[in-house]
Amino acid sequence: MCNCIFCKIIQKEIKADIVSETENLIAIRDVNPQAPVHVLVIPKKHIASLNEFEKSDEYLIAEANILARKIAKSEGISESGYRLVLNTNSAAGQSVFHIHWHILGGREMTWPPG
Ligand code: AMP
């Protein structure tokens, strides 16, 4: 039984602000937003990080991108611009070891990222 916080949100054991839900994904607002729009797209399948991502999981990349595109549009950041971020392991700042994409938008982004 998976015990991670995102699995508990997916199983509705812990509350979250759900933006969208599909058969394979859930999208929630980040509790500690780093931009005016900060939504997490999370596969329902528990995959700890991109390092554990298998070829058979590739459908999730397409579905996550399509869902992110839809959310960006509904959040009004499609035209101004937004960023998708996938942190992997400690140097990148991954803190929840259940793979997820951050959708960040609603402000100017800098490059390179911090
Ligand atoms: P990362 O650091 O890339 O692993 O991203 C994990 C993100 O999950 C962080 O931005 C946290 O603020 C966010 N987070 C952690 N717990 C929750 C929660 N219960 N509901 C919503 N977002 C969360």
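In the predicted model, the side chain of Asn 87 places an N or O atom 2.9 Å from an oxygen atom of the ligand, a polar contact (a pair of N or O atoms within 3.5 Å). The side chain of His 100 likewise has an N or O atom 2.9 Å from a ligand oxygen, and a backbone N or O atom of Val 96 lies 2.9 Å from an oxygen atom of the ligand. Of the 500 Å² of accessible area that the ligand has on its own, the protein covers 84% (Shrake-Rupley method, 1.4 Å probe).

The ligand is surrounded by 16 residues, each with a heavy atom within 4 Å of it. Asp 30, Asn 87, Ser 95, His 100 and His 102 are the closest. Helix 1 (5-10) and strand 2 (25-29) each contribute at least two shell residues, and helix 1 gives the largest share, 3 residues. Helices (H or I, at least four residues) and strands (E, at least two) are DSSP runs numbered from the N terminus.

The largest nonpolar core has 17 residues; Leu 25, Ala 27, Val 39, Val 41, Leu 67, Ile 71 and Ile 103 touch the most other members. Such a core joins buried Ala, Val, Leu, Ile, Met, Phe, Trp, Tyr and Cys residues through side-chain atoms within 4.5 Å, buried meaning under 20% relative accessible area (1.4 Å probe, protein chains only). Helix 2 supplies the largest share of this core, 6 residues. Another core, of 10 residues, lies apart from it and includes Phe 6 and Ile 42.

Residues are numbered from 1 along each chain as its sequence is written. Local features of this predicted model need pLDDT of at least 70, side-chain atom pairs count only at pLDDT 80 or more, and totals for chains, interfaces and linings use all residues, while side-chain values use heavy atoms, with hydrogens and water left out.

Methods: A polar contact is a pair of N or O atoms within 3.5 Å; within protein, one must be able to donate a hydrogen and the other to accept it, and residues adjacent in sequence count only if both atoms are side-chain atoms. Buried means under 20% relative accessible area, exposed over 50%, partly exposed in between (1.4 Å probe, protein chains only).
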